[in-house]
Amino acid sequence: MSSNPPTDGIHLADEFLDRSTPASRARDILLRYPALSPAIVLVIAVIIFGALNSNFLAPNNLSLIAQQVAIVGTVAAAQTIIILTAGIDLSVGAAMVFASMVMAQLAATAGGLPAVIALFIGFVVAMATGALNGLLVTRLKLPPFIATLGTLNIFVALTLLYSGGQTVIGADLPALLTWTGQAIEIGGVRVTTGVLIMVAVYIALAFMLGRTAWGRHVYAVGDDKDAARLAGIRVDRVLMSVYIAAGAILAIAAWLQIGRSNAAGPNAAADINLDSITAVVIGGTSLFGGRGIIWGTLLGALIVGVFRNGLSLAGVDTLYQTLAVGVLVIAAVSVDHWIRKAN
Amino acid sequence: MGDIIMKAERLVKTYGRVVGLDGVNFELHRGEVLAVVGDNGAGKSTLIKCLTGAEVPNDGTIEFEGSPVRISRTQDARDLGIETVYQSLAVSPALDVASNLFLGREVRRPGVLGSVFRMMDTKGMRERARQELSELGITTLQDVTVPVENLSGGQRQAVAVARAAAFGSKVVFLDEPTAALGVRETNQVLDLIRRLKDNGVSVVLISHNMPQVFDVADRIHIQRLGKRAGVVTPESHSMTDVVAIMTGAAAA
Ligand SMILES: Nc1ncnc2c1ncn2[C@@H]1O[C@H](COP(=O)(O)OP(=O)(O)OP(=O)(O)O)[C@@H](O)[C@H]1O
Ligand SMILES: [Mg+2]
């Protein structure tokens with residue numbers, strides 16, 4: 001080899017120093033750590049609500065917030081992986097309720113299937129709902145918004161057809177299905193198994209998204225589909241896997257829902273679709289895909305839970321709680337836009 | 001010059017009514033630098049895409065090392081030892097430099113962590129990325145953990161070039177790899193092309209820069225209106241001749 005490599009290329013660090021202002025540096029930091037802003041909001045909210053009402057920080061109240069957050073938090077985890085691929089899933093709530101009805105009806109005491117089998121079939125059904133969404137997005141090339149708007153209605157109708165509009169009450173359910181609502185004591189704090197399961201879902205997803213090639217491909221697909229394809233990633237396969245994984249997570253949410261309400265009803269959790277998107281957005285994940293981290297969503301779900309709980313302890317009407325959540329969403333999306341504007 | 005490593009015959013690619021490739025032939029020798037030149041829209045990029053699995057041609061055949069191959073995905077080309085820098089660069093903006101270098105071929109941790117938990121060897125990949133970059137003489141990328149979107153256009157191009165050069169064991173296609181580069185960085189890429197050639201790798205370089213083409217190319221494929229108008233060498237023809245063939249003012 002005759003050529004000797006030149007050594008005086010442009011140095012990245014120098015370039016940054018030249019261009020950076022306090023605002024652009026803040027932007028760079030937020031871009032690299034998308035969970036930072038929701039973490040700050042959560043800490044501030046906890047401090048303020050704790051100062052306003054001494055009951056807020058009581059272990060029992062915190063445990064209540066955790067329980068209130070567990071279901072929407074789990075659904076939002078499923079929503080996050082879909083939004084990371086630059087998709088959106090409007091059918092998450094309907095799919096979850098459908099799965100919960102399948103689990104509950106199959107297991108309901110009079111001549112029901114064994115609880116484990118009922119649970120298993122519920123998982124299969126939920127994953128099938130995800131697969132259907134995935135097929136519509138990858139094969140028919142429908143925009144996820146439209147595809148899942150359609151399946152939302154289909155799943156709602158299926159749920160009502162299947163359940164005949166009937167609620168299955170806790171007394172008819174086997175212990176396994178309501179197990180997620182059981183409280184256990186850890187170091188003097190009561191938590192439900194449902195809350196622990198939600199945390200486990202987040203840990204597993206954080207590992208898969210951050211430490212495996214699959215996770216990296218999810219980000220790459222959401223970031224730039226064509227670039228991902230040209231880099232040898234099978235985009236459609238990744239998308240299918242994401243929608244099916246989301247279905248599996250929704251089955252877990254369905255199980256938590258049965259435990260928490262000690263029943264399974266076809267009209268449960270009406271707001272959960274938008275609440276899950278709210279948590280994802282407040283958690284700093286970009287609706288444009290490819291950007292965000294799963295812990296941000298947990299923080300987002302906690303922020304909503306803390307706001308609702310804190311405001312109601314402060315005696316603020318539910319209406320204003322909803323208003324506050326709306327303001328949060330707009331603020332979060334504005335921050336996302338501001339961060340992305342840099343590029 | 002070596003034997004023919006890659007060959008394509010009568011490749012046709014249409015986009016609706018637009019004809020991208022109109023029965024083009026292509027030959028690449030082992031260990032040579034082949035420049036592909038032609039006017040805007042002549043079908044240079046389309047040719048490269050069809051040869052590397054980014055697009056599937058409507059018609060025609062491709063041979064690699066003497067046997068017919070079907071390259072329907074970029075992964076197929078990669079498996080053959082073919083790497084490409086596309087004109088669009090095909091880098092993932094939100095991922096960092098190291099992740100981009102290893103995108104689609106992530107290395108797993110040894111042992112159960114890798115085989116059962118499918119855990120990536122992030123540290124190892126970063127280490128290897130740094131090593132590759134310094135071996136390739138690409139000094140413009142100091143920190144492999146910077147997201148690609150924080151890089152300048154030239155630095156992004158360097159990422160794409162580094163990826164192709166690091167993994168291309170037999171053929172490297174470069175579609176206008178120096179378009180966004182400064183003089184110094186352009187020379188780095190030209191050096192890199194020569195080094196690839198020294199290592200026996202065939203390089204296909206698309207460029208509008210005639211002096212550059214005449215500097216590094218062994219042969220020049222002249223593309224015109226979706227076809228090959230001719231193949232010349234820097235010795236046999238002048239730049240003016242090449243431009244004349246390119247524009248149809250002269251025959252090869
Ligand atoms: N995705 C596409 N859809 C429709 N037409 C296309 C597409 N890609 C290429 N073409 C058409 O095919 C022809 C060849 O385009 P190509 O990009 O290969 O040209 P090129 O020689 O690389 O030009 P340039 O020097 O500008 O990069 C053009 O007429 C172009 O309009
Ligand atoms: Mg081109």
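Modeller: A:D236 and A:K141 form a salt bridge whose closest N and O atoms are 3.6 Å apart; the term requires a side-chain nitrogen of Lys or Arg within 4 Å of a carboxyl oxygen of Asp or Glu. A:D236 belongs to helix α12 (residues 235-261) of chain A, while A:K141 sits in the loop between α6 (115-138) and α7 (144-163) of chain A, so the pair ties together parts 95 residues apart in sequence. Helices (H or I, at least four residues) and strands (E, at least two) are DSSP runs numbered from the N terminus.

The model is a predicted one, in which local features need pLDDT of at least 70 and side-chain atom pairs count only at pLDDT 80 or more, whereas totals for chains, interfaces and linings use all residues. Residues are numbered from 1 along each chain as its sequence is written, chains are lettered from A and ligands numbered from 1 in the order in which they are written, and side-chain values use heavy atoms, with hydrogens and water left out.

The two partners of this first pair fall into separate accessibility classes (buried under 20% relative accessible area, exposed over 50%, partly exposed in between; 1.4 Å probe, protein chains only). A:D236 is partly exposed because its relative accessible area is 26%, and A:K141 is exposed because its value is 56%.

Over all chains, the count comes to 20 salt bridges. Another of them joins the side chains of A:R291 and A:D223, with an N to O distance of 3.9 Å. This pair links distant parts of the chain, 68 residues apart: A:R291 is in the loop between α13 (272-282) and α14 (294-313) of chain A, and A:D223 is in helix α10 (residues 213-223) of chain A. A:R291 counts as buried because its relative accessibility is 12%, and A:D223 is likewise buried because its value is 17%.

In chain B, the side chains of B:E55 and B:K13 meet in a salt bridge at 3.7 Å, N to O. B:E55 lies in the loop between α1 and β4 (59-64) of chain B and B:K13 in strand β1 (residues 4-15) of chain B, so parts 42 residues apart in sequence are tied together. Both B:E55 and B:K13 are buried.

A network of salt bridges links B:D3, B:R30, B:E65 and B:K170. One of these residues, B:E65, also has a backbone feature: its phi is near 50 degrees, a positive value in a residue other than glycine. Most residues other than glycine have a negative phi. B:E65 is in the loop between β4 and β5 (67-69) of chain B and counts as partly exposed because its relative accessibility is 34%. Phi of B:R10 is near 50 degrees as well, again a positive value in a residue other than glycine. B:R10 lies in strand β1 of chain B, and it is partly exposed because its relative accessible area is 49%.

Among the other local features are those at A:R27, in helix α2 (residues 22-32) of chain A. A:R27 is buried because its relative accessible area is 15%. Its side chain reaches the backbone oxygen of A:W338 at 3.2 Å.

In chain A there is also a nonpolar surface patch of about 670 Å², made by A:I29, A:Y33, A:L36, A:I40, A:I44, A:I48 and A:L52. Such patches consist of residues with over 30% relative accessible area and no salt bridge, nonpolar side chains (Val, Leu, Ile, Met, Phe, Trp, Tyr) being joined within 5 Å and like charges within 9 Å. Helix α3 (residues 36-52) of chain A gives the most to the patch, with five residues. A:L36 is found in helix α3 of chain A and counts as partly exposed because its relative accessibility is 35%.

Lastly, ligand 1 is surrounded by 14 residues, the closest being B:N40, B:G41, B:K44, B:S45 and B:T46; a residue is included if one of its heavy atoms lies within 4 Å. A polar side-chain atom of B:S45 lies 2.7 Å from an oxygen atom of ligand 1. A backbone N or O atom of B:G41 lies 2.8 Å from an oxygen atom of ligand 1, and for B:A42 the corresponding distance is 3.2 Å. Taken alone, ligand 1 exposes 640 Å², of which the protein buries 66%. In chain B, β2 (18-29) and α1 (44-52) are the elements that give two or more residues to the shell, and α1(B) gives the most, with three residues.

How values were computed: A polar contact is a pair of N or O atoms within 3.5 Å; within protein, one must be able to donate a hydrogen and the other to accept it, and residues adjacent in sequence count only if both atoms are side-chain atoms. Accessible areas come from the Shrake-Rupley method with a 1.4 Å probe; for residues, only the protein chains shown count as cover.
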